[in-house]
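Please look through the sequence and the model first.

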Amino acid sequence: MTNAVEKTDHLLITGAAGALGQVLRQKLKPYVQSMRLSDIAPMAPAADDYEETVICDLADKAGVNALCRGMDAVLHLGGISVEHSFEDVLGPNIVGAYHIYEAARRNNVPRVIFASSNHVVGFHPQGELLQTDCARRPDGCYGLSKSFGEDVARFYFDRYGIESACLRIGSAFPEPKDRRMLMTWLSFADLAELVRCCLVAPDLGCTVVWGVSANRDVWWDNAGAAKIGFQPKDSSEPFRAKVEAAQPPLPDDDPVKRFQGGAFVKAGPYPAG
Ligand code: NAI
Ligand code: 15L
C-alpha cells in the first residue's frame, strides 16, 4: 500500500460525535469506502454497512489500538476542544494523541490527519503574518496539548515514516461569530476539501497547514496548503456587515484584540482537576 490514495478504503474518525465530526462524517462519505466512527460520547447509529460506530475513550490505550486495526488513515478530531485545566486535557488530548500515533504505528496505518488548532500560536500578535514554521506560542493548556500533538506527529514521521497533516484550524463554524473570526473563519466546505486533499496528497510528509478560508484579511501564510493542492473557496466577507453590526470594536489594549488566540489568551486559570 502506498501512502497516497485516490480513495481511502478505511478511515477512522475520532471525535465523530462532535461538531466537526458530524459534518465530516457526511462530507467525506464520497471519498472513502468505509468509516469507523469513534467518540467517548454517543453518536448517531451507523447509517449503512459502510459505517461502524465504536465508543472509546482516547485515554484507553488498548481501546485506541483496536480502533486503528485495519485502517488506512485516521482523522483525529477527538479531545477537549476549548480551554480547560491541564488535568482535563491530559487524558483526551495529550495521552490521546500519543495513543493514536502509537496505535497507527502498531497497525501500519500510514497517514494521520491531526486536528491541531490556531491556539498553538495564540500569543502571536494579531496582524502579524505567520508562516507554518513560526515559533509556537500556545495560549493555554489546550494550546499546549495541541502543540504536543504536533510534536508527536513530527516524531512518528521522523522515526517511523507515518505521514501527518497537522491542521491548525482557525474557527470552523457555520459562520463567523465575531470580528476575530472574520480573519480566522474556515467554512465547513473548505474544511472538508482540506481533509480530502490531505487524504489524497501523494507526498504528505509531515505538513502543517492553516485551516482557514480565503478571507479578506488573514494572519497565516498557507504555503503548506499549496503543497497539498488545497485552495479554499469561501470567504468571511459576506458576513462582515452582520458581524460588525452585532459587535462593537474592542479597545486596542484588550488581550482579546491584541493576540491571535482571542478570548483563549485570558481564559483560566482553572482549578486543578
Ligand atoms: P467538539 O468538542 O465538538 O468535538 C470533540 C469530540 O471529542 C467530542 O464529541 C467529544 O465527546 C470527543 N472527546 C472528548 N474527550 C474524549 C475522549 N477522552 N475520548 C474520546 N473522545 C473524546 O469539537 P469540534 O469543534 O468538533 O472540533 C474537532 C477537533 O478540531 C478538536 O480536536 C478541536 O480541538 C479541533 N479544532 C476545532 C476548531 C473549530 O473551530 N471547531 C478550531 C481548531 C481546532
Ligand atoms: C479552537 O481551537 C476551538 O476548538 C474552537 O471552538 C474555536 O474556539 C476556535 O479554536 C477559535 O479559535 O475560534
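The report covers the ligand site and then the salt bridges.

This is a predicted model, in which local features need pLDDT of at least 70, side-chain atom pairs count only at pLDDT 80 or more, and totals for chains, interfaces and linings use all residues. Residues are numbered from 1 along each chain as its sequence is written, chains are lettered from A and ligands numbered from 1 in the order in which they are written, and side-chain values use heavy atoms, with hydrogens and water left out.

**Ligand site**

There are 26 residues around ligand 1, and Leu20, Asp39, Ser81, Tyr142 and Ala172 come nearest. A residue is near the ligand if one of its heavy atoms lies within 4 Å of it. By class, this shell has 14 nonpolar, 9 polar and 3 charged residues. Asp, Glu, Lys and Arg count as charged; Ala, Val, Leu, Ile, Met, Phe, Trp, Tyr, Cys and Pro as nonpolar; and the others, Gly among them, as polar.

Helix 1 (19-27), strand 5 (111-117), helix 4 (141-160) and strand 7 (171-172) each supply at least two residues of the shell. Strand 5 gives the largest share, 3 residues. Helices (H or I, at least four residues) and strands (E, at least two) are DSSP runs, numbered from the N terminus.

An oxygen atom of ligand 1 lies 2.6 Å from an N or O atom in the side chain of Asp39. For Ser81, a polar side-chain atom is 2.7 Å from a ligand oxygen, and for Ala172 a polar backbone atom is 2.7 Å from an oxygen of ligand 1. The protein covers 86% of the 820 Å² of accessible area that ligand 1 has on its own; such areas come from the Shrake-Rupley method with a 1.4 Å probe.

**Salt bridges**

The whole structure holds 20 salt bridges, each a side-chain nitrogen of Lys or Arg within 4 Å of a carboxyl oxygen of Asp or Glu. Three of them are listed here.

| Pair | N to O distance |
|---|---|
| Arg25 and Glu51 | 2.6 Å |
| Glu51 and Lys29 | 3.1 Å |
| Arg36 and Glu52 | 2.8 Å |

Arg36 in strand 2 and Glu52 in strand 3 are 16 residues apart, so their pair links distant parts of the chain. Arg36 counts as buried at 13% relative accessibility, and Glu52 as partly exposed at 36%. Buried means under 20% relative accessible area, exposed over 50%, and partly exposed in between (1.4 Å probe, protein chains only). Glu51 is buried as well, at 7%, and Arg25 is buried at 5%.

Terms used: Polar contact = N/O pair within 3.5 Å; in protein donor to acceptor, adjacent residues only side chain to side chain.
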